[in-house]
Amino acid sequence: FCAANGVTYQSFWTLSGNRRALGSAEWKEVAAGKGLTPQTLMYALVMTLGHTPLDGTTDAGHMEEDMELMRRMQAGERILDWGETERLSRMLGIPDR
């Protein structure tokens, strides 16, 4: 609905609502392989899906990590390929698109 109507979805509770996935060995393995933290991997996934995550951190270091990821993606870097996006989406219970 949002994409079809030009609305950008801004996700809330992106990290705290997905603690199980963030803590899983599989999620951590993908993140490490990308040189990301589990949290920045989650942000990469939701941005790849076309959403804008709300970043509620009060930690300057975490904010810089998050902003660097956003800059990379806005510059056109493709962090996740289609297969990785589908794999991570399934881990979160997002149905195939």
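Biologist: Let's start with S89: how far does the backbone oxygen of T85 lie from a polar atom of its side chain?

Modeller: Bear in mind that this is a predicted model, where local features need pLDDT of at least 70, side-chain atom pairs count only at pLDDT 80 or more, and totals for chains, interfaces and linings use all residues. Residues are numbered from 1 along each chain as its sequence is written, and side-chain values use heavy atoms, with hydrogens and water left out. A polar contact is a pair of N or O atoms within 3.5 Å; within protein, one must be able to donate a hydrogen and the other to accept it, and residues adjacent in sequence count only if both atoms are side-chain atoms. For T85 and S89, the distance is 2.7 Å.

Biologist: Is S89 buried or exposed?

Modeller: The labels go by relative accessible area: buried is under 20%, exposed is over 50%, and partly exposed is in between (1.4 Å probe, protein chains only). S89 sits in helix 5, helices being DSSP runs (H or I, at least four residues) numbered from the N terminus. Contact means heavy atoms within 4.5 Å, and S89 touches L45, L49 and I94, leaving out residues up to four places away in sequence. Its relative accessibility is 2%, so S89 counts as buried.

Biologist: Over to helix 4, then: what distance does it reach from its first C-alpha to its last?

Modeller: Helix 4 covers residues 60–74, which makes 15 residues. The expected span is 1.5 Å times one less than the number of residues. Helix 4 comes close to that expectation, reaching 21 Å.

Biologist: Within what arc do the buried residues of helix 4 fall?

Modeller: Those residues are D66, L69 and M73. The arc is that of the directions from the helix axis to the C-beta atoms. Residues three or four places apart point the same way because an α-helix has 3.6 residues a turn. Down the axis of helix 4, the buried set lines one face, because it falls within an arc of 60 degrees.

Biologist: Which residue at the start of helix 4 has a side-chain oxygen reaching to the backbone nitrogen of G61?

Modeller: The oxygen comes to within 2.9 Å of that nitrogen. The side chain belongs to D59.

Biologist: At what angle do helix 3 and helix 4 pack?

Modeller: Helix 3 (38–48) is among the things covering the buried residues of helix 4; T40, Y43, A44, M47 and T48 meet E65, D66, L69, M70 and M73. Axes are lines fitted to C-alpha atoms, for helices over the stretch in contact, and angles run from 0 to 180 degrees between N-to-C directions. The axes are 10 Å apart, and the angle is about 35 degrees.

Biologist: Last one: which residue just after helix 2 takes a positive phi?

Modeller: Helix 2 (residues 25–34) buries W27, V30 and A31, and these line one face because they fall within an arc of 100 degrees. Their cover includes helix 1 (19–23), helix 3 and helix 5, while A25, E29, A32 and G33 are exposed on the face turned away. Past the end of helix 2, a phi of about 75 degrees is taken by G35.

Notes
Helix = DSSP H or I, 4+ residues; strand = E, 2+ residues; numbered from the N terminus.
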